[in-house]
Amino acid sequence: MSERSVRLWAGTRKGLFRAESEGAGSRWRLDGPFHEGYEIHHVISSADRPSTAYAAANHRVWGSHIYRTDDGGRTWRPLEGRVSFPAAAEREIQAIWHLAGPHSGGPGLFAGVDPAALFSSGDDGESWGWVRSLDRHPTRGSWQPTRGGLTLHSIQVDPRNEARLYVSVSAGGSYRSDDGGESWVPINRGVRAGYLADPSEPAGHNPHALRLHPARPDRLYRQDHTGMYRSDDRGESWSEITAGLPSDFGYAVALDPADADRCWVVPEESSHMRCVCEGRLRVYETGDGGQTWVARTDGLPQSNAYVSVLRDALCSDGLDPCGVYLGTSTGQLFASRDGADWSLVAGYLPPILCVSAGPR
């Protein structure tokens, strides 16, 4: 086992927690909460700037803000720019759901919000612009709120070409732009959508999570309302890879950045029940692009575990071997140094909305 030093973020309904591990990763030091009382929907950092992170914080009274740290979380400051609609839009931000930045570590940032919209910043969040082209897409009329609202929750940037962007809207579908957001094309062909009046419609779908593989950027993984899917052609077509999983419902997907065929998911019982199948917390791993799946259960509760794992509450750290981390709706934070054997980092946190990990 190689030496590793990991910083792990857990965003909860009551603030942000930080766990840090040294050496083999069996012992963790937990501190926080930061941003007390705020719901933390997403945290991002990058391997080339591990001490810099951004957190999307939301409060029912104080509104939505993005905070930045440059010292590993010891201190935070709100970004100068506020993500907000112009007054003429007659809309208000309900929550900032997702953040993304270019792989080069430059000053570009993206934010996905509820009600579903995409915002971009070219100056590290000092100012923001609404990407109106997505809102004006001809399929916009097919978007409808889901149980969690009408949210733009997944933003992926192609590391070869930062003008190629992917977003997902619940419920609206997944879209790709090849020109930096000037125009968009729906990418939902091959995804089952029996809940639509016309399942052949190009949009109106309900993707739960969309992930692009950084080493093989034409490959996308997608957990949808109707199953797990993989695309090898930038979303032009999708192949269902649900076979071998105990359910076609779930939220979370985590990738191994070094292996495009390896990923992890957490199936859930149904859209009605919305907790792990049979009360057993099982993380399913594939090493062949979804042709087969193996349940990874060592160290996870296998009875009376009626928890859920939300779309951004499962992640990997990109180290060698690749560590995997998950947080539950009842406040348990688990870590695995290899994606197979799990240990409890913290057991009594507030409900966990997101987990993010990387080298310190």
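**Ground rules.** I number residues from 1 along each chain as its sequence is written, and I leave hydrogens and water out, using heavy atoms for side-chain values. As the model is predicted, local features need pLDDT of at least 70 and side-chain atom pairs count only at pLDDT 80 or more, while totals for chains, interfaces and linings use all residues.

Next I looked up the partners of β2. Strand β1 (residues 6-12) runs antiparallel to β2 and is joined to it by seven bridges; two strands pair if DSSP finds at least two bridges between them. A hairpin of two residues links β1 to β2. On the β3 side (residues 28-34), I noted five bridges, again antiparallel.

**Entry 1: strand β14.** In β14 (residues 173-177), five of its five residues are buried. Gly173, Tyr175 and Ser177 point one way, and Ser174 and Arg176 point the other. I traced five antiparallel bridges between β13 (residues 165-170) and β14, with valine 169 opposite glycine 173. Two residues make up the hairpin between β13 and β14. Strand β15 (residues 185-186) joins β14 through two bridges, also antiparallel, and there tyrosine 175 faces proline 186.

**Entry 2: two single residues.** Aspartate 158 sits in the loop between β12 (151-157) and β13. I call aspartate 158 buried because its relative accessible area is 0%. Its side chain makes a polar contact with the side chain of arginine 160 at 2.8 Å. Such a contact is a pair of N or O atoms within 3.5 Å; within protein, one must be able to donate a hydrogen and the other to accept it, and residues adjacent in sequence count only if both atoms are side-chain atoms.

Proline 359 belongs to strand β28 (residues 352-359). Proline 359 is partly exposed, as its relative accessible area is 26%. I also checked proline 359 against arginine 140: they are 219 residues apart along the chain, and their C-alpha atoms are separated by 39 Å.

**Entry 3: an open sheet.** I followed four strands in the order β20-β21-β22-β23, with antiparallel pairing. Which strands are at the edges? They are β20 (249-256) and β23 (294-296), each pairing on one side only. Between β21 (residues 259-268) and β22 (residues 283-286) I noted three bridges, and tryptophan 264 has glutamate 285 as its bridge partner in β22.

Technical notes: Buried < 20%, exposed > 50% of the residue type's maximum accessible area, 1.4 Å probe, protein only.
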